[in-house]
Every structure is written in structure tokens, then in C-alpha cells.
Amino acid sequence: MSHVHVRFLHIKEILAQPWLITPEGYDAVATLVDRHLNRPDAAGMKLDDLFGEAPQMTIDRASGIAEIPIQGVIGKGLSKIEKSCGACGCEDITANLQAALSDPAVKGILLNISSPGGTVNGTPETAAAIRAAAERKPVVAFTDTQMASAAYWMGSQADMIVASPSASVGSIGVYSAFIDQSRRAEMLGYKVELVKNKEGTFKGAGYPGTALTDAQRENMQQCVDQIFSMFSGDVNTKRTVPKDAMRGQSFLGAEARAQGLIDDVGGADLARRSLSALISMRR
């Protein structure tokens, strides 16, 4: 396994970490990296040649619309390799928002979202940045593919959400995954013991070869519940979504609108027209 591959795997890490992403999001990222790293012509190539460039913000000065891409798995502190493989950095989203807000030619912001979600780190803060930006300039979120979990948390803070009929929207929820390898270690003849300070009830939780204690499991549950409370709370500050629609499921366009997750069903043209209308209303 190459150093590049090892570095990238931190975005897939699931042991004892809360995630805001659809399960299939993991496999898509890993498959993409493997495909690039195993190319016959990969040896000696520069990173830009091997992976390509991440999507950048564009500004249509005629309409006054800045389009910010939020595409791929979302994370914080990502490397250039991770971004060029399709991941999206929270810092880049925030920087683009600030640039759009500072540019007098920009009258409104379009978030072009195509993401299964991502890490918890950075997501609440980026959602707050989008909410704050919407107080200064109109913001519309659009997806014609997927706006799930962390991506929906961010998109929900826009003034308006438009999704295509076949787009998948929602997945409001949080999870942590723990692989109990204690039985495997036992079958291999190993017994893993952790020596820790007496007060360290939760220290070492999830260490390979051990099982979770009841206290550790409850601690993980409390963490997940706390993050979900933040997630659902932010959603409810901008729109009315019934509790039954916040159980981790996703909806196609029309049903997402019926459940209150989005405002309209249509394509990118509708999203831009809607944003232009909001810009006119604020003048």
C-alpha cells in the first residue's frame, strides 16, 4: 500500500468516529482512489496530472451569481490529493463564501451540491457560515444528484433549496461504526489487554481486538445524539421538517418537497431563476 493511499484513508476512518455520510459514500471514495493509484501510467506522474483539479467557484458577473461547488465527500483539513480525488474541504467552502460576500459584483450565491456527506468536523461551522452569508446576500442550494447528511446540513441553511426530480435529498442522521475484532483475536490466539489509568473509563475505546464496554457504548451513543441534536436544530431554524423525515432516510425530489426538505423541484435553470428573484426582492 502506497503512502498516498495510507494518507487518503483518514477520510474513510470509521472506528469510533461519528459520521454524516451515506454508507455508499465510503466505497465510492475508496474505489476512485484505487482506480487512479493503480493506473499503468501512474508512476512518475505529477499529482495534478494523476488526479486532476478540484472544482472551483465561478462568478457570472452578468447575473451577479457566484456558484460554489460542494461536491464529493466533505471533510476538514484535507490534503491536495484528497481534494483532487473528489473530496470537498470545509475551509474551501468558507473561503469561497467570504470571497463572494466581499465581491461587490456578486449579488447572490448558488451552492451547487453533489455530495453524500462526510465528517462531523467542520460541518456545523460551515453550515453556520452559510446561514450567516444568507443574511447578507441571497443563497440558493441546488442538487441534481445528491444532497445527503452533512451536505444537507449545509444546504438546509440556504434561503431556498431546489432539487431535480431524481435527486436524493436528506439522510438527516449521525452514526458511529465499531468493528468488534475481539473474537477474531481470540481465534488467532491473541488476548488484547489495555492498561490505562483507573479513571480512564473511556480511554482506548475501540482499540483493535477489544470489545466495547457498556459505559463506552453509552458514551458513543451520547456523542451521536448530541451531534444529531445540533443537526436537526439547525435544519429547524430554517425550515419545518417533520420528525419522521429525520430518521436517516433520503427522498427523491417531489417527496423531499412534500416533507419540507426542499422548496422546489427542477433543474439548474430554475435554481438560478429563483436566486435572481431573491436578488431582485432584496434590492
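This is a predicted model: local features need pLDDT of at least 70, side-chain atom pairs count only at pLDDT 80 or more; totals for chains, interfaces and linings use all residues.

Before anything else, a rule for myself: I call two strands paired if DSSP finds at least two bridges between them. By that rule β10 and β14 do pair, in the parallel sense, over two bridges.

**Overview.** I counted eleven helices and 14 strands in the protein. Of the 283 residues, 46% are buried. I then looked at contacts with a separation of 6 or more, and 70% of them come from residues 24 or more positions apart.

**The sheet.** In what order do the six strands of the open sheet run? I read off β2-β3-β6-β8-β10-β14, with mixed pairing. β2 (58-60) and β14 (264-265) stand at the edges; each has a single partner strand, so one side of each lacks a neighbour in the sheet.

Helix α5, residues 90-102, packs on it and touches β3 (65-71) and β6. The direction of α5 makes about 175° with that of β3.

**Strand by strand.** I went through the parallel pairs from β6 onward. β6 (residues 108-114) and β8 (residues 139-143) run parallel and are joined by four bridges. N112 has F142 in β8 as its bridge partner. From β8 I moved on to β10, and that pair is also parallel, over four bridges. Here T143 stands opposite A163 in β10.

Which way do the β10 residues point? M160 and V162 go one way and I161 and A163 the other, and all of them are buried.

**Helix α11.** I looked at its length before its surroundings. α11 covers residues 268-282, which is 15 residues, and reaches 21 Å from its first C-alpha to its last. That is close to the 21 Å expected at 1.5 Å a residue. Which of its residues are buried? My list reads L270, A271, S274, L275, L278 and I279. I then asked what covers them, and found that the cover includes β3, β6, β8, β10 (160-163) and β14.

**Helices α6 and α9.** Helix α6 (residues 123-136) packs with helix α9 (residues 214-238) at an angle of about 10°, and their axes are 11 Å apart. Angles under 35 degrees count as roughly parallel, so I put α6 and α9 down as roughly parallel to each other. For the contact itself, P124, A127, R131 and A134 are the α6 residues I noted, and they meet M230, D234, T237 and K238 in α9.

**Cysteines.** How many disulfides does the structure hold? I found zero. A disulfide needs two cysteine sulfur atoms within 2.5 Å. The sulfur of C88 has its closest cysteine sulfur in C90, at 7.1 Å, which is too far for a bond.

How values were computed
Residues are numbered from 1 along each chain as its sequence is written. Side-chain values use heavy atoms; hydrogens and water are left out. Contact means heavy atoms within 4.5 Å. Axes are lines fitted to C-alpha atoms, for helices over the stretch in contact, and angles run from 0 to 180 degrees between N-to-C directions. The expected span of a helix is 1.5 Å times one less than its number of residues. Buried means under 20% relative accessible area, exposed over 50%, partly exposed in between (1.4 Å probe, protein chains only). Angles under 35 degrees count as roughly parallel, over 145 as roughly antiparallel, 65 to 115 as roughly perpendicular and the rest as oblique.
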